[in-house]
Amino acid sequence: MNGALTTSVGITDAQPKVGDHTRRYIARVATGEMGALPALTGLVLFSGVFALLRPTFLSASNLANLFTQGAAVVVIAMGLVFVMLLGEIDLSAGYTSGVCGAVLAVLAAHGRLPWYAAAALALLVALVIGLGLGLLVTKTRVPSFVVTLAALLGLQGVALLLIGDGTTVTVDDATILSIANGTVAPAVAWLMWAGGLGAYVMIEFRRKRKGLHHRRSADPAALVVWRILVAAVLSAAMVYLLNQERSPHPDIASLKGVPIVVPVVAVMIMLWTFVLRRTAYGRRIYTVGRGRQAAQQAGINVDRIRVSVFVICSCMAAVGGAIAVSRAHSVDANTGGVNVLLYAVAAAVFGGTSLFGGKGRVLDAVLGGALMAVIDNGMGLMGYSSGVKYIVTCAFLLLAACLDVVSRAREAASASASAPASAPVSASVFVPAARPPAWPAARTDTGPRHGPGAGAGSR
């Protein structure tokens with residue numbers, strides 16, 4: 001069969017080797033495609049250091065605190081990834097979460113509205129905010145930095161009008177409070193773990209099968225199995241620890257199980273990852289982020305894409321605001337302040353989302369947010385002040401931004417070096433070739449024409 005054995009499904013048995021895959025990965029890193037490698041390295045490094053210096057860092061209670069502490073920032077960072085993929089920024093995401101959290105708390109306080117009605121109105125407010133920001137950026141051509149900076153100040157005023165300066169609105173709805181404070185029963189947590197692991201195994205092998213079928217560079221089978229084993233062991237250890245008793249007085253009140261916010265965040269990760277990687281809309285976002293002019297020539301409605309990402313960012317900020325309100329049991333005018341925004345932007349950048357657009361994943365925000373939570377939590381256990389935390393976070397944000405710039409420069413240099421020198425790259429992929437003129441070619445005969453039918457034989 002032309003020298004190659006094939007299976008019944010038409011997949012060649014030429015499997016990629018681990019060594020070849022490793023060399024290709026090292027080559028990609030050398031050319032600047034580091035992805036989430038800095039975030040993963042920092043996460044492992046800091047977790048190991050804090051676990052050695054403070055053994056309580058890996059306790060069940062502190063692990064649960066890590067999830068609830070970083071959930072709001074991670075969710076807001078997911079929305080920011082969509083905006084940053086286009087090379088834009090939303091500086092109002094923090095106060096959008098605060099305003100939507102205030103709307104949720106004020107409407108649900110003292111049973112004024114059911115929690116689902118209050119949540120729907122909060123999401124509606126977020127949608128209006130995102131739609132307004134997107135239209136201002138696309139129609140007025142004012143940079144998103146300026147538009148969202150103005151929105152930050154305006155939304156801060158709206159929060160003050162809703163709540164009042166120095167006033168705190170207490171949340172007493174049990175459903176809202178359970179988002180960040182409730183837990184899943186241990187048996188249900190193990191069922192969710194098994195279902196999630198099974199879905200992950202199917203996705204991994206489907207991706208490998210599809211890559212081999214289309215003759216693409218698929219990951220080696222050993223690497224796929226290794227990833228599945230690592231994910232299974234780490235997630236099982238997490239579920240086991242969180243299912244342990246965490247209450248100091250279990251005879252009075254028991255506290256064990258996975259926090260509800262964990263499956264909530266997991267569902268959003270799967271949803272937005274599917275949107276970005278498996279839908280035409282997600283591919284258009286990446287195309288616009290890599291070049292608006294080329295995207296327009298390819299027939300993509302760039303303005304519509306730009307408006308939509310601001311809407312997604314604001315709606316995710318609203319979800320983050322609900323998580324923050326649930327964790328704090330209240331909301332005030334400082335909820336979702338500048339610190340929340342900066343931590344969310346830092347989480348996206350730490351994870352590998354490019355500040356220049358065209359590169360990033362939802363998982364990047366999760367990894368970056370986990371790193372932020374580990375740094376903040378671990379330094380708190382070691383007794384460092386907030387000032388030291390801010391300085392360390394500042395240093396890592398600058399480092400991540402510098403890595404992004406260096407990575408982009410290396411990618412550009414690698415692309416220019418690999419491009420053929422014989423002909424420059426043109427836009428012929430997106431622009432159709434010029435059609436020949438509709439009129440007939442000029443006559444080559446010099447003889448006179450007599451009558452309308454003369455010369456017909458020469459056509």
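Predicted model: local features only at pLDDT ≥ 70, side-chain atom pairs only at ≥ 80, totals over all residues.
Colleague: Let's start with salt bridges. What's the general idea, and how many salt bridges does the count come to?

Modeller: Side chains of opposite charge can pair when their charged atoms come close. Here the count comes to 6 salt bridges. Take the one where the side chains of Glu-88 and Arg-306 meet, at 2.8 Å from N to O. That pair links distant parts of the chain, 218 residues apart: Glu-88 sits in the loop between α3 (60–84) and α4 (93–108), and Arg-306 in helix α13 (residues 302–328).

Colleague: Are Glu-88 and Arg-306 buried or exposed?

Modeller: Buried means under 20% relative accessible area. Glu-88 counts as buried because its relative accessibility is 9%, and Arg-306 is buried too, with a relative accessible area of 6%.

Colleague: Which residues are linked with Glu-88 in a network of salt bridges?

Modeller: The network links Glu-88 with Arg-292 and Arg-306.

Colleague: What about Asp-303, where does its salt bridge go?

Modeller: The side chain of Asp-303 meets that of Arg-141, 3.7 Å from N to O. Again the pair links distant parts of the chain: Asp-303 is in helix α13 and Arg-141 in the loop between α5 and α6, 162 residues apart. Asp-303 counts as buried at 19% relative accessibility, whereas Arg-141 is exposed, with a relative accessible area of 56%.

Colleague: And which residue does Asp-376 meet in a salt bridge?

Modeller: Lys-389, at 3.7 Å from N to O. Lys-389 counts as buried, at 16% relative accessibility.

Colleague: On to the rings. How do I read an aromatic pair, and how many aromatic pairs does a search of the whole structure find?

Modeller: Look at the distance between ring centres and the angle between planes: under 30 degrees counts as stacked, over 60 as edge-to-face and the rest as tilted. The search finds 5 aromatic pairs. One of them is Phe-46 with Phe-50, a tilted pair at 5.9 Å centre to centre and 35° between the planes. Both lie in helix α2 (residues 37–53), 4 residues apart, about one turn of the helix. Phe-46 counts as buried at 17% relative accessibility, and Phe-50 is buried with a relative accessible area of 5%. Ring pairs also link Phe-46, Phe-50 and Phe-57 into a cluster.

Colleague: What kind of aromatic pair do Phe-82 and Trp-272 form?

Modeller: An edge-to-face one, 5.2 Å centre to centre with 75° between the planes. Phe-82 is in helix α3 and Trp-272 in helix α10 (residues 261–278), 190 residues apart, which makes this pair a link between distant parts of the chain. Phe-82 is buried at 0% relative accessible area, and Trp-272 counts as buried at 15%.

Colleague: Which residues does Thr-148 touch, leaving aside those up to four places away in sequence?

Modeller: Thr-148 is found in helix α6 (residues 144–163) and counts as buried, at 0% relative accessibility. Thr-148 touches Ile-89, Asp-90, Leu-91, Ser-92, Leu-133 and Phe-310.

Colleague: And which residues form the nonpolar patch on the surface?

Modeller: Leu-121, Leu-124, Leu-127, Val-128, Leu-131 and Leu-135, with about 480 Å² of accessible area together. Leu-135 lies in helix α5 (residues 115–140) and is partly exposed, with a relative accessible area of 38%.

Terms used
Residues numbered from 1 in each chain as written. Heavy atoms only, no water. Helix = DSSP H or I, 4+ residues; strand = E, 2+ residues; numbered from the N terminus. Buried < 20%, exposed > 50% of the residue type's maximum accessible area, 1.4 Å probe, protein only. Contact = heavy atoms within 4.5 Å. Patch = residues over 30% accessible without salt bridge, like charges linked within 9 Å, V, L, I, M, F, W, Y side chains within 5 Å. Areas by Shrake-Rupley, 256 points an atom, 1.4 Å probe, with all protein chains shown as cover. Salt bridge = Lys/Arg side-chain N within 4 Å of Asp/Glu carboxyl O. Phe/Tyr/Trp six-rings, centres within 6.5 Å; stacked < 30°, edge-to-face > 60°.
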